[in-house]
Amino acid sequence: MKNLFILGSPRANGNSATMAKSVAEGILETPGNTIEYSHLNKLTVQPCQGCGGCNKTGECVINDDMQELYTKTRSADRLFLVSPIYFYSVTAQLKCYIDRCQAQWARKYLLNHHDTKTSRPTGYLLSCAATSGDKLFDGSILIVKCLFDTLNIHFGSPLLLRNLEKIDSLSKTPDKLAYCRKFGTELTKDL
Ligand SMILES: Cc1cc2nc3c(=O)[nH]c(=O)nc-3n(C[C@H](O)[C@H](O)[C@H](O)COP(=O)(O)O)c2cc1C
């Protein structure tokens, strides 16, 4: 199965990237899985211009790295959106990716294009934050649920970690790392 991790933090080796790596380690315990990472901060994904260009064709008119991400996203069996909480939301990098999926929205709702995939992919939000409030992840969950609905992706139970602030907070916390790895191991049993 193809597992695609879309990484939204500007910190390439920060907590959310570490979450992704540990989850991937857990997934790789089951044979037949491949892992791919796309670091949005290293790519050029411009913000959606709301130009309506995709309304007629289902294709985004902006020619940047998102074009390759459309293909990768479509072919993934599992999609992981990985982002720290920035002001109770996902990072701007991830929000650009999400907004550019408006082209998929246009395909589905304006042009009646339907997926020919035999099995519906599952998507997961992996997120972390420095504080510990109850509603910390509510905004991001809502945003990602809305996206997965558009992409016809099943919303799998998210992995959410609180109290991680410094870049190495997670890598210095073995019990949380083990929890992430277990999350990866367990989700391969869902299908
Ligand atoms: C611009 C910015 C906004 C943030 N907003 C929040 C927030 O609203 N709530 C919170 O708990 N942490 C917030 N944080 C802290 C990060 O979520 C936290 O440090 C996280 O572990 C960073 O993950 P990373 O290492 O993958 O980048 C913010 C950090 C930055 C830089």
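**Entry 1: the start of the chain.** What unit do β1, α1 and β2 make, and is it right-handed or left-handed? I looked, and the three form a right-handed β-α-β unit. A reminder to myself: this is a predicted model. β1 and β2 (residues 34–39) run parallel to each other, and I count 6 bridges for the pair.

**Entry 2: stepping back.** I went through the whole protein chain and got 7 helices and 6 strands. Reading along the sequence, I wrote down β-α-β-α-α-β-α-α-β-α-β-β-α. The C-alpha trace spans about 50 × 35 × 30 Å along its principal axes. Next I checked the radius of gyration: a compact globule of 191 residues would come out near 16 Å, and the chain has 16 Å, so the two agree. I also noted that 39% of the 191 residues count as buried. Among contacts with a separation of 6 or more, 80% link residues 24 or more positions apart.

**Entry 3: the core.** Which residues have the most contacts inside the largest nonpolar core? My list reads Ile6, Met19, Ala20, Val23, Phe80, Val82 and Leu126, in a core of 45 residues. At least two core residues come from each of β1 (2–7), α1 (15–27), β3 (78–84), α4, α5, β4 (122–128), α6 and β6 (159–161). α1 gives the most, with 6 residues. Skipping residues up to four places away in sequence, Val82 touches Phe5, Ile6, Leu7, Gly8, Ser16, Met19, Ala20 and Leu126.

**Entry 4: helix α5.** I then turned to α5 (residues 102–110), where Ala103, Gln104, Ala106 and Arg107 are buried. Why do they fall on the same side of α5? The reason is that they cover an arc of only 155° around the axis. Their cover includes α2 (54–57), α4 (92–100) and α6 (138–151). Just past the end of α5, Asn112 has a positive phi of about 55°.

Entry 5: Phe87 isn't a glycine, yet its phi is positive, near 45°. Tyr88 lies in the loop between β3 and α4 too, and has a positive phi of about 65° without being a glycine. Are they buried or exposed? Phe87 is exposed, with 7 other C-beta atoms within 10 Å. Tyr88 counts as partly exposed, with 13 C-beta neighbours inside 10 Å.

**Entry 6: Asp64.** Last stop for today. Asp64 is in the loop between α2 and α3 (66–75). I put Asp64 down as partly exposed, since 14 other C-beta atoms lie within 10 Å. Which residues is Asp64 in contact with, leaving aside neighbours within four places in sequence? I got Thr44, Val45 and Gln46. I also took the distance from Asp64 to Leu142: 27 Å in space, C-alpha to C-alpha, for 78 residues in sequence.

Notes: Residues numbered from 1 in each chain as written. Predicted model: local features only at pLDDT ≥ 70, side-chain atom pairs only at ≥ 80, totals over all residues. Buried ≥ 20, exposed ≤ 12 C-beta atoms within 10 Å, placed from the backbone. Helix = DSSP H or I, 4+ residues; strand = E, 2+ residues; numbered from the N terminus. Arc of directions from axis to C-beta. Contact = placed C-beta atoms within 7 Å. Core = buried A, V, L, I, M, F, W, Y, C linked by C-beta atoms within 7 Å. Rg over C-alpha atoms; globule rule 2.2 N^0.38 Å. Pairing = 2+ DSSP bridges. Right-handed = clockwise from strand over helix to strand, strands pointing away.
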